[in-house]
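Please look at the sequence and the structure before reading on.

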Amino acid sequence: MSDDHQATATPGWDDVPVLDDPPGDGYYELTENGWGAIIGWFSGVGRMVRCPDRLPHRYTEVCIDRYGTRERTVARSAEDQQMIDDSINEYLGDAGIPARPAGFRWFLRLPTGYTGPEIESRVNRGVGRLPADHVHPAQLAPRIREVLGDVYAGR
């Protein structure tokens, strides 16, 4: 087959540009879970950028016992991060989407007139209209794609 007739590969996660630092205004950092990843994917890899994740991830442990409530901040371990990444990729896989590379923060370029929370809210409302038994990512994916297609139509 000649070069001018070769099929073009579908863009994937590796095609998302890498920046040294997070982008500025006009971008929204996607949540670090399967929901954020699926919103990014169906918005289009051409609408995302990523940067290396250099944040010191921490979480708060709360202990409640007869002496009261105590909180302490704990660093996220490599094992914790691996569980998060595995969970995101399992969710994506269940929706028929390829696994996302680890070690990055992902940002979505916002369409004019939208904030990140507004896009998430619109997606939530869109999937909320599905039958109550539609809870698997593969069942949600077509509706998420449709909602985000509407958000980005003509943009």
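Two strands are said to pair if DSSP finds at least two bridges between them, and helices (H or I, at least four residues) and strands (E, at least two) are DSSP runs numbered from the N terminus. This is a predicted model, in which local features need pLDDT of at least 70 and side-chain atom pairs count only at pLDDT 80 or more, while totals for chains, interfaces and linings use all residues. Residues are numbered from 1 along each chain as its sequence is written, and side-chain values use heavy atoms, with hydrogens and water left out.

**Overall fold**
- The protein chain comprises 4 helices and 5 strands, which follow the pattern β-α-β-β-β-α-β-α-α along the sequence.
- Of the 155 residues in the protein chain, 34% are buried, meaning under 20% relative accessible area with a 1.4 Å probe, protein chains only.

**Sheet**
- An open sheet of 3 strands has the order β1-β5-β2 with antiparallel pairing, and its edge strands, β1 (27-29) and β2 (48-52), each pair on one side only.
- The antiparallel strands β1 and β5 are joined by 3 bridges, and Y28 stands opposite L108 in β5.

- Not counting residues up to four places away in sequence, I38 touches Y91, L92, A95, I97, A141 and I144, where contact means heavy atoms within 4.5 Å.

Methods
Buried means under 20% relative accessible area, exposed over 50%, partly exposed in between (1.4 Å probe, protein chains only).
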